[in-house]
Amino acid sequence: MTNDILDLSAKVGRALQAKGLLLVTAESCTGGGVAQAVTEVAGSTGWFDCGFITYSNASKTELLDVSAALMAQLGSVSEEVAAAMASGALANSNAHVALSTTGIAGPSGAVPGKPVGTVCFGWARGDAVQTERLVFAGDRHAVREQTVVHALQGLLRIIE
């Protein structure tokens with residue numbers, strides 16, 4: 001884990017703690033990378049509730065209440081699914097804010113309109129949910145690392 005990610009995680013922690021907020025993560029393509037980054041910060045028990053690693057579509061439905069029909073219609077890599085993951089994480093935790101990641105880290109898995117490196121993000125605070133779709137360059141490791149950084153940066157925007 002890079003120092004940049006650790007510094008960003010600490011900044012997120014300070015922002016959450018200052019507002020008295022708890023975080024939950026719902027991760028697919030990052031495989032728990034965001035949760036790992038935030039729990040590297042000493043004292044994260046004061047602002048991190050839990051993380052869901054929902055790699056399969058079935059786990060997204062079972063653990064986060066993401067509609068199977070939604071995933072069948074749009075695919076699991078969509079802003080709509082990222083929003084549902086973030087909302088579902090909030091609903092199934094004690095947290096106040098959530099972030100979600102779902103994407104195609106590669107090297108395979110690309111589909112028409114969704115190349116390798118496509119990642120969708122969701123950030124939720126209460127009933128408000130924001131989403132974003134980006135395409136990152138690089139190998140699997142690079143895509144996942146960029147995803148963790150962007151997820152944390154987006155979280156800062158909804159906290160501050």
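Helix α1 (residues 3-19) has 17 residues and stretches 25 Å from its first C-alpha to its last, close to the 24 Å expected at 1.5 Å a residue; that expected span is 1.5 Å times one less than the number of residues. The model is a predicted one, in which local features need pLDDT of at least 70 and side-chain atom pairs count only at pLDDT 80 or more, while totals for chains, interfaces and linings use all residues. Residues are numbered from 1 along each chain as its sequence is written, and side-chain values use heavy atoms, with hydrogens and water left out. Helices (H or I, at least four residues) and strands (E, at least two) are DSSP runs, numbered from the N terminus.

Back to α1, then. Its buried residues are I5, L8, S9, V12, G13, A15 and L16. Here buried means under 20% relative accessible area, exposed means over 50%, and partly exposed is anything in between (1.4 Å probe, protein chains only). Looking down the axis of α1, the buried residues fall within an arc of 165 degrees, so they line one face of the helix; the arc is taken from the directions from the helix axis to the C-beta atoms. On the face turned away from that buried side sit the exposed residues N3, D7, R14 and A18. The cover over the buried residues of α1 includes β1, α2 (33-39), β3 and α6, where contact means heavy atoms within 4.5 Å.

Next, the strands. Five of the five residues of β1 are buried, so this strand is largely enclosed by the rest of the structure. Both faces of β1 are covered, with L23, T25 and E27 buried on one side and V24 and A26 buried on the other.

As for who pairs with whom, two strands count as paired if DSSP finds at least two bridges between them. Strand β1 (residues 23-27) runs parallel to β3, and five bridges join the two. β1 also runs parallel to strand β2 (residues 48-53), again through five bridges. V24 takes part in both pairings: this residue stands opposite A98 in β3, and its bridge partner in β2 is C50. β3 is joined in turn to strand β4 (residues 118-125) by seven bridges, this time antiparallel. Within β4, C120 is the bridge partner of T102.

Helix α6 has 20 residues and reaches 29 Å from its first C-alpha to its last, close to the 28 Å expected at 1.5 Å a residue. Its buried residues are V143, T147, V148, H150, A151, L152, G154, L155, L156, I158 and I159. What covers them includes α1, β1, α2, β3, β4 and β5.

A search of the whole structure turns up one salt bridge, meaning a side-chain nitrogen of Lys or Arg within 4 Å of a carboxyl oxygen of Asp or Glu. The side chains involved are those of R157 and E132, at 3.7 Å from N to O. This pair ties together distant parts of the chain, with R157 in helix α6 (residues 140-159) and E132 in strand β5 (residues 128-135), 25 residues apart. R157 is partly exposed, at a relative accessible area of 48%, and E132 is also partly exposed, at 24%.

In helix α3, the residues S59, K60 and L64 are buried. They span an arc of only 105 degrees around the axis, which puts them on the same side of α3. Their cover includes β1, β2, α4, α5 (79-91) and β3. α3 is followed by D65, whose phi is positive, near 65 degrees. D65 lies in the loop between α3 (57-64) and α4 (68-74) and is exposed, at 54% relative accessibility. Leaving aside residues up to four places away in sequence, D65 touches K60 and N92.

Finally, the UniProt annotation "domain: CinA C-terminal", from an unreviewed entry, covers residues 8-157; such annotations may be inferred rather than shown by experiment, and the positions are given in the numbering used here, with feature names shortened. Over residues 8-157 the chain is 43% helix and 23% strand, with the end C-alpha atoms 12 Å apart.
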